Amino acid sequence: MPTPSTSDAVAPPKSAVAGGVQSLERAFDLLERMADAGGEVGLSELATSSGLPLPTIHRLMRTLVSTGYVRQQENRRYALGPRLIRLGESASVLPHSTGVGKALLADSTPGEVRALLARTGMPAATDRTLTTPESFLAALDEVRARGFAVDDNEQEIGVRCLAVSVPHSPTTAALSVSGPAGRLTDEAMVRHVPVLRQVAAELSEALARRAEQG
């Protein structure tokens, strides 16, 4: 029997770490493969790329959907879920210097915000970064008043970011758009904010429908 070429061979799952939990390793491997595929895949595609049996993939994906890390589209394909946003923000973006962080924390109590800032610290990424709990709490008051958050050169000089929270999301989530400060002007924000709000509302409705369907 001829030996399959490299291009025809199925990529095996990553080797299990000694002492690790195989189902967890497989679940994380599937999430990484989904990200490599652009964030949306079908079960057959995952089976081809991972080498795992379809029943195993279906069981893992069902668990990931129920926990919010994956969502199933109306076309039955699977997409990365909103709960990953919070994990990513917690791992790599300090909340006090980002628009997304402000949008996510806008509805938190002052005590919750102060406790979080005490854990993460408030290092200055630029000379525009808010570095005291009082200034950050004041910024959250502004977010609640106008309905969107702004990072104005606070994370990176020359870059502005707009962010809105996803209303009624099963897990805290936000959407944002970033760009050069010279292009993301106050006038541009007037145009972009309604679009972000509309997309956030549509995402909220999609998540609600998915939750009702179980």
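User: How many of the 214 residues of the protein chain count as buried, as a percentage?
Analyst: It's 37% of the 214 residues. Keep in mind that this is a predicted model. "Buried" here means a relative accessible area under 20%.

User: Is Ser50 buried or exposed, and how do you know?
Analyst: Ser50 has a relative accessible area of 0%. The cut-off for buried is under 20%, so Ser50 counts as buried. You'll find Ser50 in helix H2, which covers residues 43–50.

User: Which strands form the open sheet, and in what order?
Analyst: The order is S4-S5-S6, with antiparallel pairing. Strand S4 (149–152) and strand S6 (174–180) stand at the edges, because each has a single partner strand, so one side of each has no neighbour in the sheet. From one strand to the next, the twist averages 15 degrees.

User: How do you know that S5 and S6 pair?
Analyst: Count the bridges. Pairing needs at least two, and strand S5 (residues 159–165) has 7 bridges with S6. The sense is antiparallel. As a spot to look at, Cys161 stands opposite Ser178 in S6.

User: What is the angle between helix H1 and helix H3, and how far apart are their axes?
Analyst: Helix H1 (residues 22–36) and helix H3 (residues 54–66) pack at about 80 degrees, and their axes are 10 Å apart.

User: Why is H1 called roughly perpendicular to H3?
Analyst: Angles of 65 to 115 degrees count as roughly perpendicular. The angle is about 80 degrees, so H1 gets that label relative to H3. Residues making the contact include Leu30, Leu31 and Met34 of H1, with Ile57, Leu60 and Leu64 among those of H3.

User: And how many helices and strands are there in the protein chain?
Analyst: There are 8 helices and 6 strands. Starting from the N terminus, the elements run α-β-α-α-β-β-α-α-α-α-β-β-β-α.

Key. Residues numbered from 1 in each chain as written. Predicted model: local features only at pLDDT ≥ 70, side-chain atom pairs only at ≥ 80, totals over all residues. Heavy atoms only, no water. Helix = DSSP H or I, 4+ residues; strand = E, 2+ residues; numbered from the N terminus. Buried < 20%, exposed > 50% of the residue type's maximum accessible area, 1.4 Å probe, protein only. Axes fitted to C-alpha atoms, helices over the stretch in contact; angles between N-to-C directions. Parallel < 35°, antiparallel > 145°, perpendicular 65-115°, else oblique. Contact = heavy atoms within 4.5 Å.
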